[in-house]
Amino acid sequence: MGFLGQGLLEGMVVTARNFVGSYFDKERMVTVQYPEERVQTPENSRTFPFLVFDDDKDPAGSMRCVACKICETDCPPQCIYIVMDRDEKGKPLQRPKVFDIDLSVCMQCQICVEVCPFEAIKMDNDYEKSQYGRFDELVEHLPVLLKSNEYYNKIKPTEATAVDAKLKLEKEKKAKKAAPAGAKPAATAPKPAPVAARPAPATAPVARIAIPDDAPFSPEQRQWLSGFLSAVGGSGAGVSPATAAPTSAGEAPAEPPAAPAAEAAPAAEAPAGGWPWHDPGLAMPQRMDLAKDTPLADKLMAAMAQTDCHACGYDCRGYADAIAGGAESDLSLCLPGEAETANMLKKLMQEAGKA
């Protein structure tokens, strides 16, 4: 059993040892003369969010943020406020006009970073955010939030390098997808003559593949699937003779072989993204005009913001198909499109008798 005050003396010995040792061992010199001296923050530390841009010459034009509002929706303390930018004619632009973060409410949880599909918002290492006021002074606006990708690579080199590699790979994939589509016309242009000289193939009478009336599809979906499968099977590869439904007595003669291919051409191109209205720079009336003679699912897609932000849980095509097929009943999930999209979706569903 120790004597009275032994623990106190042992503690004082430890303190004295560290005090004296700090003058000789730099590893034990933990006190720095802040703010003249600063300790470098670890790469995995985080404070508050900032927005990344890629081009130093055009920060506003090279923002990664497309104002999809996913971070605003998923933020637990609701400290993010976003308004999408629009031009003088009211066309939505893929960038925020207003992007505010209330630092007095932000709890530095990083959920906004995790849910962003565009790698646009990241966590900073800057901890010097003290202000004299507790309200407006602690709300950071878009110009202050914008920081370059070079800055991001400086404070978090490992993470930023991985993000850059991912974005580069996605860009290359998009370029590869676009290349065959752009090369097709050039490849087929020099071959006008063989069309007349081409012998009639065994599958020349391209059968119109009929979708049975009792199939679990709407009339528009049956029409789309019928045209798409007929176009795919037009070359005789990919659809067996058994797949083509037997035509009725008057159906085959009434439909010339060239008609199904011409009718199904847009549907065949749809998976590659060849929709003329899929452009966020087009206003709602322009998009709806381009889709006026298309099936319901295409009209529903044209009513959306065309950002493919996945805020609704789908891309624009998937959300439209889910609504048209009855798998999705919520018409207010397109956050970038706001009330304009929700109202148009409701109108289209009412016109189709599905509201």
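Helix 13 has as its buried residues Cys316, Arg317, Tyr319, Ala320, Ala322, Ile323 and Ala324, where buried means under 20% relative accessible area (1.4 Å probe, protein chains only). The model is predicted, so local features need pLDDT of at least 70 and side-chain atom pairs count only at pLDDT 80 or more, while totals for chains, interfaces and linings use all residues. Residues are numbered from 1 along each chain as its sequence is written, and side-chain values use heavy atoms, with hydrogens and water left out.

**Helix 13**
- Helix 13 spans residues 316-324 and is largely enclosed by the rest of the structure, because seven of its nine residues are buried.
- Gly326, which follows helix 13, has a positive phi, near 85°.

**The chain as a whole**
- The chain contains 14 helices and six strands; these are DSSP runs numbered from the N terminus, with helices (H or I) of at least four residues and strands (E) of at least two.
- Of the 355 residues in the chain, 32% are buried.
- The accessible surface of the chain is about 22000 Å², and carbon and sulfur atoms account for 59% of it; such areas come from the Shrake-Rupley method with a 1.4 Å probe, and for residues only the protein chains shown count as cover.

**Glu150**
- Glu150 lies in helix 5, which covers residues 149-155.
- Glu150 has a relative accessible area of 58% and is therefore exposed, a term for values over 50%, with partly exposed in between.
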